[in-house]
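Subject: Structure for you to look at

Hello,

Here is the structure I said I would pass on. Please open it and keep it in view while you read the notes below.

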Amino acid sequence: MFLLNRHPEHGRPLDAAEAALLGPAGAAEIARYLAFRAPDAATPLLSLPALAAQLGIGALHVKDEGPRLGLGSFKALGGAYAVMRLVLEKAGRTEIGDLARADVREVAGGMTFACATDGNHGRSVAQGAQLIGARAVIFVHGGVSEERVAAIARFGAEVVRVAGNYDDSVREAARVAEREGWAIVSDTSWPGYERIPGLVMQGYTAIADEALRELEAPPTHVFVQAGVGGIAAAMAGYFAAALGERRPVFTVVEPARAACLYASAEAGTWTQIAQGEPTVMAMLECYEPSMSAWRVLARAADAFMAVEEDEAVAAMNRLARPSAGDPAVVAGESGCVGFAGLAAAAGDPARRAALRLDAGARVLVVNTEGATDPGKYEALVGMRPEAVVHAAR
Ligand SMILES: Cc1ncc(COP(=O)(O)O)c(C=O)c1O
């Protein structure tokens with residue numbers, strides 16, 4: 001499954017508000033917040049020259065979000081940031097540093113934050129609430145593993161199991177939060193509810209901003225995986241706002257079993273798809289795109305593609321067992337998917353031509369999570385995550 005973006009809006013600059021939210025000015029806000037939280041919050045940008053040569057491209061960089069803020073995934077950037085911004089707002093403050101004030105913490109103590117999650121976003125909201133002294137209630141559907149639930153509960157959050165899939169849990173969290181007067185910090189948006197998911201996406205722009213600062217030259221191509229499209233929109237939006245015409249060719253990658261953005265691109269409009277079989281790429285199992293993410297991607301993404309189950313597992317293994325000289329990357333089932341998309345595109349002459357992916361290409365992918373479900377990781381890779389890192393040293 002592969003298609004170029006033919007949307008009538010494709011290539012148009014972002015609206016001013018979106019450019020301000022997701023561009024360098026927005027990324028500066030999250031950078032200030034990260035500096036307040038942890039001086040070493042930036043994640044590694046790895047270079048894999050041997051793998052790049054195998055793929056017939058000039059350079060491959062992997063932004064490794066596994067170590068992000070001790071949470072195991074890039075989601076650490078979004079939910080916790082939104083929680084803290086909302087506490088500041090309620091306290092009538094704007095400076096991130098004011099989060100340390102006793103009166104601000106008192107305001108936080110009276111607030112409850114709720115969200116739905118496949119695992120990673122809920123962990124971020126729970127961590128943000130715990131850090132600031134607020135309460136968190138996290139809604140999970142039946143497919144979320146006990147290991148992931150325990151990782152959320154570790155941050156002192158109440159976890160509520162609901163029937164159905166991720167999209168059902170989003171609706172249930174919104175319904176209960178509305179009834180109880182809680183703040184809902186969703187990573188997906190719907191009509192009339194875009195501001196808070198916008199803050200969540202702003203948090204993710206740190207990934208692109210850090211990478212661009214570290215690279216000698218901007219990437220020519222970027223492949224990013226999508227669930228509801230938040231991280232893809234944040235990164236595509238950032239590059240569009242920061243680089244304009246010089247922005248990289250941007251490809252959105254989804255599981256073939258849950259390709260709602262692909263379906264939207266095909267239809268030329270926001271599209272919900274029917275639930276299919278569960279995918280191993282569990283964090284990407286979403287059937288409804290985020291409304292605002294789709295709006296950004298309609299303009300700033302250049303191609304949409306989907307990968308099969310075995311392609312994702314092969315990508316995890318390939319990153320875990322590097323060629324000589326390359327670092328190993330511990331990439332979870334959903335973390336490896338941008339790379340899986342690159343590998344599929346690089347091996348197909350028609351896709352290479354369509355994307356202008358050649359021996360001069362400098363490609364950036366994001367490993368969006370480490371082994372956030374270690375048992376699953378070991379089952380799929382045949383090694384414990386610690387053994388992978390050890391083997392690479
Ligand atoms: C590890 C990982 N990668 C990618 C995604 C996709 O992010 P989004 O839903 O913003 O598209 C998620 C979402 O939970 C995730 O946890």
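Predicted model: local features only at pLDDT ≥ 70, side-chain atom pairs only at ≥ 80, totals over all residues.

Asn120 uses a polar side-chain atom, which lies 2.8 Å from a ligand oxygen. Gly230 has a backbone N or O atom 3.0 Å from an oxygen of the ligand, and for Ile231 a backbone N or O atom lies 3.1 Å from a ligand oxygen. How much of the ligand does the protein bury? Taken alone, the ligand exposes 390 Å², and the protein buries 98% of that. The space that the ligand takes is also the largest cavity.

Next, the aromatic rings. Searching the whole structure gives five aromatic pairs. One of them is Phe74 with Tyr204. Their ring centres are 4.7 Å apart and their planes stand at 70°; an angle over 60 degrees counts as edge-to-face, so this pair is edge-to-face. Phe74 is in the loop between β3 (59–64) and α4 (79–90), while Tyr204 is in helix α9 (residues 195–214), so the pair ties together parts that are 130 residues apart in sequence.

Regards

Methods. Residues numbered from 1 in each chain as written. Heavy atoms only, no water. Polar contact = N/O pair within 3.5 Å; in protein donor to acceptor, adjacent residues only side chain to side chain. Areas by Shrake-Rupley, 256 points an atom, 1.4 Å probe, with all protein chains shown as cover. 1 Å grid on protein atoms, 1.4 Å probe; cavity = no way out; pocket = protein on both sides within 12 Å on 5 of 7 lines; lining within 4 Å. Sits in = over half its atoms within 2 Å of the grid points. Phe/Tyr/Trp six-rings, centres within 6.5 Å; stacked < 30°, edge-to-face > 60°. Helix = DSSP H or I, 4+ residues; strand = E, 2+ residues; numbered from the N terminus.
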